[in-house]
Amino acid sequence: MKIAAIEKDNIVIKEVNRISLDARQGAIVRVIGCGLCGSDIVKFVHKIAKDGTVLGHEIVAEIVEINSATDFKIGDEIVTSHHIPCGKCVYCKNGNVSMCKHFKETNISPGGFSEYVYLSEEHLKNVAYLKPENLDYIEASFYEPLGCCVRAVKRCDLLENSTAVVIGLGTIGILMSQALKAMGMKVIGCDLIDARIELAKQYGIDAINSKNIVTAQNYISSKTENYGADAIFMTSGADKAIEPALKFVRNGGKILVFSSTPHDNSAYPNNEIYYRELTVLGSYSPAPCDLKYSLDLLKQGKVKVKGLSTVYNLDDIMKAFDDTMSNKIMKAYVKVKQ
Ligand SMILES: [Zn+2]
Ligand SMILES: [Zn+2]
């Protein structure tokens, strides 16, 4: 079978023995396609993943072998996520499932950018679902990234009709904005690139350019009876996104950090957090319940993703990485099954 593996500064296509179930419980799936996640880029660029790693986790796949107590059967087309919480540890009990040791240790094998993948029985039981018939493969591949956004909205625990500002209108910003709206919030999206603002508008998002912070702040004030936004969702990890976040959030409001930053020295000013009683919180990866909610949002058409992705063949995966890194495209979907 073909896999795309990291090799030094490249991702290369290799032919390896096709995996099979042998005596294991779970399923072997044939990958139809897999979305390229921002976290894959970070793992590749910052060399967090070692040579030989097969990245990719936003898969849509077909079951080709199965030994499971679940109702899944050969021929089923499914979506799945990659990590599963134990449900019993201190992290899980407190809702921080993505900090759970078991969550971090579980994964699909070898990775989504491979013709075949092994899913454990735990995956089938907790995070795999039949692909809804009204979604095409590319749309269904947003199941996991949208799940991450659902979790972020839940973690913010906002009152209905609150106003949220999303800073950064890349793919995740567009998903986050739609998830917020679907979950009962008012949303204003910001970016510095006009083309992204225009695209966000096509997905029904009230989007503005925040290059001029004062103008943007005035707009947000005018929509919030001069209070400012109840919450800011930082889908951009850039340092320069922190200043507008502090300007746009109301006193007592929340700032949700959803993106890694290219370096480690970014900081929120202590006095702003203290005197203005701000809450800064992070949200990383989804819980199984968020994934289920995400699939419902996609199935019901409450979050639209058609047109966001550019399709690449597995053989051209390096180009998918390059085009994503150079911001040439919004989102890459790697077609694995020809
Ligand atoms: Zn992801
Ligand atoms: Zn746990």
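Into which domains is the chain divided? The chain splits into domain 1 (2-142 + 305-335) and domain 2 (149-282), with bounds from an automatic or database domain assignment. This is a predicted model: local features need pLDDT of at least 70, side-chain atom pairs count only at pLDDT 80 or more, and totals for chains, interfaces and linings use all residues. Residues are numbered from 1 along each chain as its sequence is written.

**Between the domains.** The domain centres, taken over C-alpha atoms, are separated by 29 Å. Six residues of domain 1 are in contact with six of domain 2. Contact means that the C-beta atoms, placed from the backbone, lie within 7 Å. On the domain 1 side, four touching residues are nonpolar, one is polar and one is charged. Ala, Val, Leu, Ile, Met, Phe, Trp, Tyr, Cys and Pro count as nonpolar, Asp, Glu, Lys and Arg as charged, and the others, Gly among them, as polar.

**Strands and helices.** These are DSSP runs, numbered from the N terminus: helices (H or I) have at least four residues, strands (E) at least two.

| Element | Residues |
|---|---|
| Helix α6 | residues 143-156 |
| Strand β9 | residues 186-191 |
| Helix α8 | residues 194-202 |
| Strand β10 | residues 206-209 |

Strands β9 and β10 pair in the parallel sense over four bridges; pairing takes at least two DSSP bridges. Cys-190 has Ile-208 in β10 as its bridge partner.

**Around Val-153.** Val-153 sits in helix α6. Val-153 is buried because 24 other C-beta atoms lie within 10 Å; the cut-off for buried is 20 or more. Beyond neighbours within four places in sequence, Val-153 is in contact with Ala-179, Leu-180 and Met-183. Val-153 and Met-183 are 30 residues apart along the chain, yet their C-alpha atoms are separated by 8.0 Å.

Notes: Chains are lettered from A and ligands numbered from 1 in the order in which they are written. A crossover is right-handed if, with the strands pointing away from the viewer, the path from the first strand over the helix to the second runs clockwise. A residue is buried if 20 or more other C-beta atoms lie within 10 Å of its own, exposed if 12 or fewer, and partly exposed in between; C-beta atoms are placed from the backbone. Two residues are in contact if their C-beta atoms, placed from the backbone, lie within 7 Å.
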